[in-house]
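Here are a few worked exercises on side-chain contacts. Have a go at each one before you read its solution.

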Amino acid sequence: MTTFKRQRSKNKEGLVEKGQQFHFQQLVAILQLLDVPWARRPLDDIHIQFGRIEGMSSRRGNVVFLRDILDEARDRMVVAMQNKKTTRTGDIEAIADRLAVSAVVVQDLRARRRNNYTFSWDRMLSFSAQSGVFLQYAHSRLCSLIEKCGVQKTVDIDVSCLHEQEMHQLILLLARYPEVIEDMLASLEPCTLVQYLLKLGHLVNSAYSKLPVKGENSDVAQARLLVFDCGRQVLSNGLQLIGIQPLKEM
């Protein structure tokens with residue numbers, strides 16, 4: 001989101017909490033009286049509002065710092081990963097740190113910008129719910145599939161092999177990615193992309209569980225592998241657009 005903020009700053013736009021709306025109304029009215037050209041635009045194009053986070057607490061008391069939230073999220077992820085039998089990485093603390101950032105970013109961007117939301121550790125750090133941890137899990141699972149399936153990837157596939165409903169739904173959703181990006185930029189609503197990625201992650205997981213690559217005949221295996229690889233690429237691109245570095249294992 002850093003890129004978006006820099007672009008807005010050049011156009012005299014401000015990303016400011018919605019409680020400051022009256023201040024911006026006064027400011028723009030004054031600027032219009034001064035005949036400042038860019039202040040003639042609608043107020044919603046100048047004051048980019050966002051909601052408040054409710055129910056936050058940290059080890060240090062009522063004043064909450066982002067570093068405290070990230071540290072605590074990392075520590076909780078370390079414990080969760082140590083207790084999971086499926087954990088594959090040896091550097092748990094480094095991966096947990098990346099998962100903490102993913103969890104915080106996705107929780108903050110998954111709802112509409114102006115909406116208030118209630119902070120929840122359980123929801124934010126869930127491996128199976130609407131979370132950044134889940135998106136990282138979906139991406140790393142696809143990386144593992146592509147690496148270990150033993151099938152050579154090619155773009156020259158037999159599309160008639162892709163007759164399952166899960167594959168059709170996945171392909172149609174992947175095709176919507178450019179449209180989702182355009183909608184996000186037009187509305188300045190990152191949740192458009194985040195909700196798309198969450199839907200993609202769940203659909204990928206469903207297809208992954210039902211439609212294996214390894215052990216299938218060559219045509220079917222290559223066709224499925226290409227779709228799964230496209231899913232991995234879109235997940236990776238989308239995560240990076242919201243400032244998250246995708247994990248290959250966790």
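**Exercise 1.** Over the ring of which residue does the charged end of K84 sit?

Solution. Before starting, note that this is a predicted model, where local features need pLDDT of at least 70 and side-chain atom pairs count only at pLDDT 80 or more, while totals for chains, interfaces and linings use all residues. Residues are numbered from 1 along each chain as its sequence is written, and side-chain values use heavy atoms, with hydrogens and water left out.

- Step 1: get the rule. A charge sits over a ring if NZ of Lys or CZ of Arg is within 6 Å of the ring centre and within 35 degrees of the ring normal.
- Step 2: apply it. K84 has its charged end over the ring of F127, 4.6 Å from the centre.
- Step 3: look at another case. R76 lies over the face of W121, 4.4 Å from the ring centre.

**Exercise 2.** Work out how the rings of F119 and W121 are paired.

Solution.

- Step 1: Rings of Phe, Tyr and Trp (its six-membered ring) pair if their centres lie within 6.5 Å; planes under 30 degrees apart are stacked, over 60 edge-to-face, and the rest tilted. The whole structure holds 3 aromatic pairs by this search.
- Step 2: For F119 and W121, the centres are 5.0 Å apart and the planes stand at 90°, so this pair is edge-to-face.
- Step 3: Check burial (buried is under 20% relative accessible area, exposed over 50%, partly exposed in between; 1.4 Å probe, protein chains only). F119 comes out at 10% and W121 at 13%, so F119 is buried and W121 is too.

**Exercise 3.** Describe the salt bridge between R67 and D71.

Solution.

- Step 1: The test is a side-chain nitrogen of Lys or Arg within 4 Å of a carboxyl oxygen of Asp or Glu. Across the whole structure, 13 salt bridges turn up.
- Step 2: R67 and D71 pass with an N to O distance of 3.0 Å.
- Step 3: Both sit in helix α3 (residues 66–82), 4 residues apart, about one turn of the helix. Helices here are DSSP runs (H or I, at least four residues; strands are E, at least two), numbered from the N terminus.
- Step 4: R67 is partly exposed at 45% relative accessible area, whereas D71 is buried at 18%.
- Step 5: Widen the view, and R67, D71, R74 and D75 are linked in a network of salt bridges.
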